Amino acid sequence: MSNYNRAKTVNDVAKYRGSAPMPCAAVNIDDFGEDVFTAAVMRQYLAVEVVDALVETINFGRPLDPALAGDIAGAMKEWAMARGATHFTHWFQPLNGGTAEKHDAFLEFDGSGKALMEFSGKNLIGGETDASSFPSGGLRCTFEARGYTAWDPTSPAFIKRHGNGATLCIPTAFCSFTGEALDKKTPLLRSIQALSRSTTRLMKCFKLPEARVMVTLGAEQEYFLIDKQFYLQRPDLVQTGRTLFGAPPPKHQQLEDHYFGSIKPRVLAFMTEVERELWKLGIPAKTRHNEAAPAQFEIAPRFEELNLAVDHNMIIMEVLRVVADRHNLVCLMHEKPFFGVNGSGKHCNWSLDYGDLSLLKPGSDPHRNAIFLTTLCAVIRAVDLHSDLLRSVTAGAGNDHRLGANEAPPAIISIFLGDQLTEVIEQIESGSATGSKYRSGVLRVGADMLPPLPRDATDRNRTSPFAFTGNKFEFRAPGSSQSCSGVNMMLNTIVAESLDYISDRLEKVPENEFNEGLQKILQDIIRTHKRVIFNGDNYSKEWVIEAERRGLPNLRGTLAAIEPLKNADNQELMTRYGVFSKSELDSRYEISLEEYFRKLRIECGIAIEIARSMIHPAATDEFNRVCRALGNAASAGINAGCKDLKTAAERLGLSLDELGEAIDEASVALNRDADDILAALERLRRAVDALEYQVDDSNWPLPKYREMLFVY
């Protein structure tokens with residue numbers, strides 16, 4: 001018999017939930033950004049000319065005079081120490097999907113051996129750390145240990161607090177001894193530069209003065225919360241982040257009563273503390289709510305500059321985990337932690353600005369509308385031509401369980417525009433507005449006004465992987481545990497290529513024929529790439545058939561999804577725009593491949609262990625108990641109930657046989673290919689979940705879904 005008492009654990013969790021304290025302080029606007037080295041803070045510690053130079057670097061990417069680094073470092077140290085910091089770290093994002101940091105004290109010594117608190121410009125600009133244990137995908141050998149961090153001044157330094165002090169965190173890029181990118185930030189920054197150049201070039205065609213190009217992002221983060229006691233009793237959750245076993249309860253999310261429902265006091269206390277921590281770090285957390293699945297929630301910040309938003313999302317994920325622990329909860333960010341209920345995504349809302357002009361927002365005059373339509377067509381072309389690359393950066397073992405599971409968009413990348421905007425696109429293509437609901441006559445780009453396009457001109461399509469939502473595109477395919485870097489890096493690059501394609505053609509058009517030339521270019525793009533536009537139900541089986549007819553790729557699993565990274569044309573595109581070298585891109589493929597198989601084998605290994613050491617003994621005990629009852633009844637000459645007991649014993653026996661065979665199959669599959677592992681895991685799950693319905697509830701060794709999802 002198992003020593004684990006589930007009933008006691010449930011009662012303990014319920015008691016804790018009922019007595020969970022509220023945070024000591026509520027969110028306060030005066031706290032916003034207090035632990036961030038902002039421009040306002042800089043002006044308190046630095047000369048005006050130094051701050052102005054740094055702001056120019058932040059806003060326009062202009063080189064920073066290295067001579068100023070010492071002044072900035074001194075100001076950072078003075079400010080950080082005043083905030084309680086004793087150490088600093090170069091905070092970076094290696095290729096393992098998380099963040100990394102190595103703490104160094106401000107401690108230095110003068111010539112006489114006296115201890116000083118110092119932080120030099122050299123310490124600020126760069127650092128060296130051991131890179132040998134981070135994924136490199138073959139870029140370096142294990143014995144090649146040097147890795148270098150380089151300060152990213154476009155993302156402000158911040159203070160991370162812990163129970164015994166605080167650390168100054170300096171966002172940095174991370175590269176190898178040979179200069180190859182070993183992180184997610186460097187390619188993102190390169191892609192931002194590429195998109196900035198291409199956007200500026202296109203805006204010159206429209207006779208606009210030079211202005212700052214800003215890519216913006218709003219990342220909606222979904223996650224689950226469960227009580228820590230349940231988590232620690234689930235080896236599969238501890239090892240893999242998802243439940244490998246668990247029979248769905250009769251009620252889960254069918255009634256849709258959790259979505260946007262009243263937030264439970266314990267969860268609201270957690271959310272309030274999360275927001276307080278984030279506001280202090282200058283992260284504009286704005287929205288919080290219950291999500292569709294029980295125990296699932298979402299947090300969303302306001303839009304920010306892309307690089308900063310990516311850094312902030314990484315911090316958000318860490319704060320969610322840390323604060324959950326304080327509340328005796330565990331925050332799960334796996335894409336599919338519970339079978340049979342919705343998984344978690346990370347919706348990336350991407351947009352592009354040029355000065356004060358939003359390039360994805362219709363304007364109030366024909367010229368601005370021409371810019372909007374041109375940008376829109378560039379995105380359409382980019383997504384159609386390179387949907388395989390967009391799919392590749394959403395690939396992963398976790399997301400495989402989520403995409404296309406009637407809760408998230410499928411692996412087919414398509415664009416939703418809505419009926420009104422789709423009709424405008426069709427009018428441009430045909431050069432006629434016959435039968436239009438919204439206008440009459442011919443729509444001439446750059447000469448005519450668009451029909452009114454209010455922000456909510458069409459209903460939202462929550463099934464689309466890439467939906468236009470008024471002044472931005474919402475990319476819904478990324479998984480909740482994934483960094484925003486990869487998907488936005490790829491989106492930047494492919495859009496830059498399409499903007500350059502349009503510029504190449506526009507620059508050859510005589511000035512007095514600009515509008516006519518632009519109309520012809522957009523017509524050609526729409527005719528060639530309109531197949532990627534789909535406004536219907538992306539969850540339907542009919543769309544899968546229709547997408548195949550249109551020739552849209554459907555890269556369902558990770559192994560298929562990452563293959564485009566090896567395609568010669570795709571590699572040429574990424575190298576041409578300076579986002580990756582060929583070796584860097586090859587390394588990303590190798591890392592994705594290795595990570596996928598490692599995760600599968602970890603899942604298979606822990607599934608076998610749980611099945612053998614926890615489920616099989618519990619099922620055997622149940623089988624013995626039923627058999628003893630049957631034997632006792634026979635010994636006493638009692639026939640009543642024996643038929644049912646015999647049926648139960650036979651059913652348990654067959655289930656035990658199936659469990660044993662499934663364990664053996666999984667043990668063999670552990671060293672085979674992915675398909676064998678996945679098939680074995682699926683069979684083993686069916687066997688275990690069937691037994692969950694047969695074993696005495698009080699003796700089942702794992703917390704059940706009805707407890708983890710509803711008692712928190």
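Author: A salt bridge here is a side-chain nitrogen of Lys or Arg within 4 Å of a carboxyl oxygen of Asp or Glu.

Reader: Fine. How many salt bridges does that rule give?

Author: The count is 44 salt bridges. This is a predicted model, so local features need pLDDT of at least 70 and side-chain atom pairs count only at pLDDT 80 or more, while totals for chains, interfaces and linings use all residues. Residues are numbered from 1 along each chain as its sequence is written, and side-chain values use heavy atoms, with hydrogens and water left out.

Reader: Which residue does Lys704 bridge to?

Author: Asp697. The closest N and O atoms are 2.8 Å apart.

Reader: Is Lys704 buried or exposed?

Author: Lys704 is buried, at 6% relative accessible area. Buried means under 20% relative accessible area, exposed over 50%, partly exposed in between (1.4 Å probe, protein chains only). Asp697 counts as partly exposed, because its relative accessibility is 32%.

Reader: Which residues share that network?

Author: Arg6, Asp697, Lys704, Arg706 and Glu707. Salt bridges with shared partners join them.

Reader: What about Asp400 and Arg391?

Author: Their side chains meet in a salt bridge, 3.9 Å from N to O. Arg391 is buried at 2%. Asp400 is partly exposed at 22%.

Reader: And Asp12, what does it pair with?

Author: Lys8, with the closest N and O atoms 2.9 Å apart. Asp12 and Lys8 are four residues apart in helix α1 (residues 6-19), so about one helical turn separates them. Helices (H or I, at least four residues) and strands (E, at least two) are DSSP runs, numbered from the N terminus. Asp12 is partly exposed at 25%, and Lys8 is partly exposed at 49%.

Reader: Switching to rings. How many aromatic pairs are there?

Author: A search of the whole structure finds 23. Rings of Phe, Tyr and Trp (its six-membered ring) pair if their centres lie within 6.5 Å; planes under 30 degrees apart count as stacked, over 60 as edge-to-face and the rest as tilted.

Reader: What geometry do Phe88 and Phe106 have?

Author: Stacked. The centres are 5.8 Å apart, with 25 degrees between the planes. Phe88 is in strand β1 (residues 85-91), and Phe106 is in the loop between β2 (103-105) and β3 (107-109). They are 18 residues apart, so the pair links distant parts of the chain. Both are buried.

Reader: And Phe466 with Phe473?

Author: That pair is also stacked, at 4.8 Å centre to centre and 20 degrees between the planes. Phe466 is buried at 0% relative accessibility. Phe473 is buried at 0% too.

Reader: Which cluster are they in?

Author: One aromatic cluster formed by Phe372, Phe466, Phe468, Phe473 and Phe475.

Reader: Where do charges sit over rings?

Author: The charged end of Lys264 sits over the ring of Tyr712, 4.1 Å from its centre. The charged end of Arg381 sits over the ring of Tyr501, 3.9 Å from its centre. The rule: NZ of Lys or CZ of Arg within 6 Å of the ring centre and within 35 degrees of the ring normal.
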